[in-house]
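Subject: Structure handover

Hello,

Here is the structure for your files. My notes on the backbone follow below it.

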Amino acid sequence: MPHAASSFHLNGLTIHPGEQVLTRLVISKLPSGTVIDVPVHVMRSTEPGPTLLLMGGMHGDEVNGIETIRRLVRRELLQPLRGSIIAIPILNIYGFLNFSRDVPDGKDVNRSFPGFPRGSLAGRVAHRFMREIMPLIDYGIDFHTGGAARANFPQVRCLLGVDPEVDAMAGAFAAPFTLHAALRPGSLREAAHRLGKRIIVYETGESLRLDETGIEEALAGTLRVLHHLGMAPAAPPPSRPGIVCRRHTWLRARFAGLFRAHVENGQYLEKGQVYGSVADPYGQQAVRLESPVSGYVIGLNHMPVVNQGDALLHIAVPE
């Protein structure tokens, strides 16, 4: 297990205990010849300890994680008492430049792990991460945001009840909601799990929109994880008791049309309660939508035009 008493070898550099380095992983080039590289911050203590990864921008349009890590770096909050911190504000530079979730080949980097050096562009990004970063880390927080026009209420996702250290890490983060989430094939979390690395996912807000409340929750939660790992002297207490949910489900549109939500993110919803309506755009009919379960709204579709099967509401069922 890497720790602060030994040197890191990253991107052709040797990074010694007590050093702070900004290095850039060259991924590829644009068709114009412009080099695409990924900035990586490394902050090391002289005291032995674990290595924590903080990563945003796996999907290029998910700006809340990017802003969270930017603030942590800018405010000099990542000075570990022991161990090391590797902070990557943006992994998917391609998507960031193009306001896109994916890389130019249309593939999702977070479904491409462990990657392949001669594979698709998404696979090459994943492979470079696995070769350079994954061997160094022990723990990680992967920051995400709701896709398309779907907004997520601040939440941690992880595999609960399998690894006590993951449970403890999620408990230390103390997001408003902690969800049991199965490992998805090709995801960073699955690849890390196979190697005994412990990564939790934090979600908040929607793509291309800054969610100030969710960013503040992310900052505080990250500091609590650092404190839990013995890497920070103190951390702010949670603003509210966290709710753990092992069951959660999306409510989907049975009809196409114009969707209007009658609830807000974070709100508790009773079974049978009307949570919205779908109407045809010509004023001929409208259908009221009733929830089949009781639970908390932790994801909400803000796109008014929906097709049959579109996700409208994410409901978390508390234990």
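**Backbone notes**

Phe99 lies in the loop between helix 2 and helix 3. Helices here are DSSP runs of H or I with at least four residues, strands are runs of E with at least two, and both are numbered from the N terminus. The model is predicted, so local features need pLDDT of at least 70 and side-chain atom pairs count only at pLDDT 80 or more, while totals for chains, interfaces and linings use all residues. Residues are numbered from 1 along each chain as its sequence is written, and side-chain values use heavy atoms, with hydrogens and water left out.

Although Phe99 is not a glycine, its phi is positive, at about 55 degrees. Phe99 is exposed, with a relative accessible area of 61%; exposed means over 50%, buried under 20%, and partly exposed in between, using a 1.4 Å probe and protein chains only.

The loop between helix 2 (93-97) and helix 3 (121-132) also holds Pro114. The peptide bond leading from Phe113 to Pro114 is cis, with omega near 5 degrees.

Ala148 is another non-glycine residue with a positive phi, about 55 degrees. Ala148 sits in the loop between strand 7 (139-146) and strand 8 (150-158), and Ala148 is exposed at a relative accessible area of 56%.

On annotation, an unreviewed UniProt entry places the feature "domain: Succinylglutamate desuccinylase/Aspartoacylase catalytic" at residues 48-229. UniProt positions follow the numbering used here, feature names are shortened, and annotations may be inferred rather than shown by experiment. In the model, the span 48-229 is 35% helix and 22% strand, and its end C-alpha atoms lie 12 Å apart.

Regards
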